[in-house]
Amino acid sequence: MSTPVQLYVYDLSNGLARQLSMQLTGRQIDGIWHTSVVVFGKEIFYGQGISITPPGGSHLGQPSSVIEMGETAIDEDTFEQYLSEMHQQFTAEKASEYHLLDFNCNTFTNECIAFLTGGSIPDYIKSLPADFLSTPFGAALRPNIDAMYRRGAPSGLPTPPPEATRAAAQVSPSPALATGLLEAIAARASSSGPTGSYMPTPAATSPSTPDVTGVKSCADPTSFQSILRDNHAVIAFFTSKTCGPCRVIEPVFQGLAQQKTRTNGGVAFTKVDLGVGAGAAIAGQYGVRATPTFFFFLDGRKASTHELRGANAPELRTQVDLLIYEAFPPHPHKSVSLPAIDSISLKPILFTQTPNLDTLLSKLNEFIDSISPWTGVLTQAQVKQALSKTVIPFLKTSSTPPPLQPPTAPFDYWPALVSSLVSNLTVGNLFPLADIWRIALLNPKFSEWSAAKRGPQNPINVLLSKALESNDAPRNYLLTALRMLSNAFSSANLARECITSMRNDLTAILVSTLLHENVAVRSAAASLAFNVAAHLQKHRLEKIESHGNIDPEEEDLDWELEVISALLEAIGRENASEDTVHRLTASLALVLRFSPHIGDLIPLMEVLRSRSILTGKLQKGDGGVTQVEIRKLVTEVAEKLCP
């Protein structure tokens with residue numbers, strides 16, 4: 001099962017780099033970036049050795065931004081073993097080697113991301129040291145930075161030597177400010193404990209920062225409007241230091257924030273102190289005349305029916321729950337008991353059998369030799385050499401259980417190989433190539449590489465298009481192409497790419513092959529349908545966990561209508577294989593389970609006689625299912641999801 005991987009990005013300057021970089025360096029630098037990797041419910045970063053905390057629980061607090069780095073097929077035990085090995089390189093003893101420019105948290109994070117996903121952290125983070133040093137100020141300050149990390153202060157924090165500002169003074173109008181800023185950043189970067197008083201206070205317009213409870217303190221109208229704009233639901237607590245009832249109700253407010261905050265634009269809790277910054281201006285804008293006062297916002301607008309004055313804890317809890325219910329109404333199926341559906345494993349169905357690769361190569365070479373004249377970017381000899389010297393050895397190494405060493409191969413010219421073969425061979429002679437791709441996609445590095453090859457030239461897209469060129473594509477090619485597409489779901493990133501950029505072609509081959517005359521083709525099509533539905537279900541469950549529901553605007557109603565129609569027709573016609581009926585019914589259940597369009601789908605399902613089709617599979621005789629597990633699932637879908 002794949003696991004999401006996130007990159008937490010922090011600005012060590014607390015917004016000062018964005019404000020002062022142009023003045024100090026002559027170049028706009030938006031932040032001094034510190035990164036950590038978040039995976040398996042943990043945040044891992046490098047400072048005083050490798051540190052592990054709950055996400056957002058480090059000394060830096062909440063990140064400036066969160067970047068989705070994809071998903072990893074590596075399990076937690078393997079990753080922990082990798083971290084154990086990394087401890088030899090990134091030890092607490094080596095923390096003295098920590099360098100703001102050369103050996104830092106981002107060095108560690110980049111290696112972790114490469115191990116987990118095969119990717120890397122964004123270029124704007126990796127290139128920051130080079131960008132900084134390319135400025136006259138950066139070049140002049142380089143000896144200063146080196147000195148800070150060569151000699152430690154008694155406190156263990158890097159400090160600049162007294163002569164450090166001299167070179168910088170020649171190129172910066174504010175050398176003291178620049179060196180102070182650098183010292184503060186270095187102290188914060190190398191620390192692994194709570195931040196002290198060495199960080200400069202950001203300007204009043206810097207983004208609000210949440211405390212450990214998740215409450216965002218806000219002291220200016222711009223930040224307040226930003227919170228309202230970026231979150232679906234916001235609970236605002238107007239308070240003041242001299243207010244006794246405020247001190248009584250604040251722990252309740254903090255507890256609600258810890259329990260009910262939803263990240264990524266979900267639910268936010270913010271506190272406005274009328275005596276701090278421009279807090280009084282915010283209060284005046286909304287007519288707050290006494291504290292404590294709580295206002296409740298939905299999509300940036302104050303809900304007229306949601307307002308609370310005074311320290312009434314039970315009413316505060318009620319109002320918060322009511323706002324969240326309005327913002328994220330539960331799906332109608334969420335309260336329905338569906339044990340058979342909920343027990344469906346969401347692991348993709350994969351076709352892992354490896355044929356005799358030498359025989360496969362011999363068959364493909366036979367097809368290549370039969371073509372004259374040959375066209376394309378690669379010659380016949382080059383194609384055959386690439387297959388025999390690189391592709392087949394890679395597959396052999398990759399499929400040997402377990403591999404003696406991680407298989408590697410230069411994948412970047414493989415699209416040209418596919419292009420040459422596809423442009424010369426007939427569809428009927430391409431099935432060995434599709435089978436090669438089917439096997440290769442089981443390799444995590446190859447599938448991640450495939451996910452990055454977006455667009456019509458992606459070899460998967462090319463091979464899929466060949467299956468759709470005519471209505472009578474050979475059975476052997478259709479079967480192999482469907483199995484290849486199913487194996488693409490071994491990688492969450494590649495699965496996402498297939499469903500988004502290849503959706504039309506993927507749907508077209510599904511709709512046509514679900515009703516194919518050959519039982520093996522229908523079975524492979526049902527497997528692919530299940531993988532698509534399972535991937536969709538996992539995405540929906542993530543949304544429900546973080547936001548409580550799924551936004552209908554994020555999903556395509558027309559696509560769901562087409563897929564459901566095809567699944568119901570295939571279920572009704574399938575009389576040869578109970579396993580195929582099982583996969584089709586499971587696919588239908590997963591598409592319907594948490595569909596945000598369920599209200600629009602019900603009339604269609606009534607017209608298609610969905611319940612009648614499913615209950616027909618419970619009848620004895622030709623086409624009826626006999627396995628107990630399948631009958632339970634068919635019964636549950638018919639009775640609880642179909643009108």
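These legends accompany an overview and several close-up views of a predicted model.

**Overview. The protein chain and its totals.**
Residues are numbered from 1 along each chain as its sequence is written. The protein chain has 28 helices and eleven strands. Both are DSSP runs numbered from the N terminus: helices are H or I with at least four residues, strands E with at least two. Of its 643 residues, 51% count as buried. Buried means under 20% relative accessible area, exposed over 50%, and partly exposed in between (1.4 Å probe, protein chains only). The chain exposes about 28,800 Å², and carbon and sulfur atoms supply 52% of that area. Accessible areas come from the Shrake-Rupley method with a 1.4 Å probe; for residues, only the protein chains shown count as cover. Among contacts with a separation of 6 or more, 72% are between residues 24 or more positions apart. A contact means heavy atoms within 4.5 Å.

**Close-up 1**
Helix 2 spans residues 76-86, and its residues Phe79, Tyr82, Leu83 and Met86 are buried. These four cover an arc of only 100° around the axis, so they are on the same side of helix 2. The arc is that of the directions from the helix axis to the C-beta atoms. An α-helix has 3.6 residues a turn, so residues three or four places apart point the same way. Asp77 and Gln81, on the other side of helix 2, are exposed. Cover for the buried residues includes strand 2 (33-39), strand 3 (42-47), strand 4 (49-53) and helix 3 (105-117). At the start of helix 2, a side-chain oxygen of Asp75 comes within 3.2 Å of the backbone nitrogen of Asp77.

**Close-up 1. Tyr46 and Phe108, a tilted pair.**
The structure holds 25 aromatic pairs. Rings of Phe, Tyr and Trp (its six-membered ring) pair if their centres lie within 6.5 Å; planes under 30 degrees apart count as stacked, over 60 as edge-to-face and the rest as tilted. The ring centres of Tyr46 and Phe108 are 6.3 Å apart with planes at 40°, so this pair is tilted. It links distant parts of the chain: Tyr46 is in strand 3 and Phe108 in helix 3, 62 residues apart. Tyr46 is buried, at 0% relative accessible area. Phe108 is also buried, at 0%.

Phe394 and Phe411 pair edge-to-face, 5.2 Å centre to centre, with 80° between the planes. Phe394 lies in helix 15 (residues 380-399) and Phe411 in the loop between helix 15 and helix 16 (414-424), so the pair ties together parts 17 residues apart in sequence. Phe394 is buried at 2% relative accessibility. Phe411 is buried at 10%. Ring pairs link Phe394, Phe411, Trp414, Trp437, Phe446 and Trp449 into a cluster.

**Close-up 2. Charges over rings.**
The charged end of Lys302 sits over the ring of Phe295, 4.6 Å from its centre. Arg503 lies over the face of Trp559, 4.7 Å from the ring centre. A charge sits over a ring if NZ of Lys or CZ of Arg is within 6 Å of the ring centre and within 35 degrees of the ring normal.

**Close-up 3. Arg593 and Asp342.**
Arg593 is found in helix 25 (residues 578-593). Arg593 counts as buried, at 4% relative accessibility. Its side chain joins that of Asp342 through a polar contact of 3.1 Å. A polar contact is a pair of N or O atoms within 3.5 Å; within protein, one must be able to donate a hydrogen and the other to accept it, and residues adjacent in sequence count only if both atoms are side-chain atoms.

Methods
Predicted model: local features only at pLDDT ≥ 70, side-chain atom pairs only at ≥ 80, totals over all residues. Heavy atoms only, no water.
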